[in-house]
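I opened my notebook to look up which charged side chains pair up here. These are my entries, in the order I wrote them.

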Amino acid sequence: MKVRADENRCQGHGLCNMTAPDVFDLSDEDGHVVIRTPEVPPELEDDAARGAEACPEIALSVTDE
């Protein structure tokens, strides 16, 4: 599984990080998403999906690539 962020859509709500801190972090500069693990290991796939779903701006996507 891979996680991608559309940096133009991210508004820095931080819900992804609150939901899945092992997958998503926040930039110290502007509070926007930083993906910690672009290639998500199997044990974090559920967290990554929940974190992406938590984004109110729909700035995150997960794929099975």
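Entry one. I began with E39, which is exposed, with a relative accessible area of 57%. For my own reference, buried means under 20% relative accessible area, exposed over 50%, and partly exposed in between, using a 1.4 Å probe and protein chains only.

A note on what I'm looking at: this is a predicted model, where local features need pLDDT of at least 70, side-chain atom pairs count only at pLDDT 80 or more, and totals for chains, interfaces and linings use all residues. Residues are numbered from 1 along each chain as its sequence is written, and side-chain values use heavy atoms, with hydrogens and water left out.

Entry two. What does E39 pair with? I found that E39 forms a salt bridge with K2, and their closest N and O atoms are 3.9 Å apart. K2 sits in strand 1 (residues 2-5) and E39 in the loop between strand 3 (33-35) and helix 2, so this pair ties together parts that are 37 residues apart in sequence. I jotted down the rule: a salt bridge is a side-chain nitrogen of Lys or Arg within 4 Å of a carboxyl oxygen of Asp or Glu. Helices (H or I, at least four residues) and strands (E, at least two) are DSSP runs, numbered from the N terminus. K2 has 26% relative accessibility, so I put it down as partly exposed.

Entry three. How many salt bridges are there by this rule? I get three. Side chains of opposite charge can pair when their charged atoms come close.

Next I looked up D25 and R36, whose side chains meet in a salt bridge at 3.6 Å, N to O. D25 lies in strand 2 (residues 24-26) and R36 in the loop between strand 3 and helix 2, so they tie together parts that are 11 residues apart in sequence. D25 is partly exposed at a relative accessible area of 30%, and R36 is partly exposed too, at 48%.
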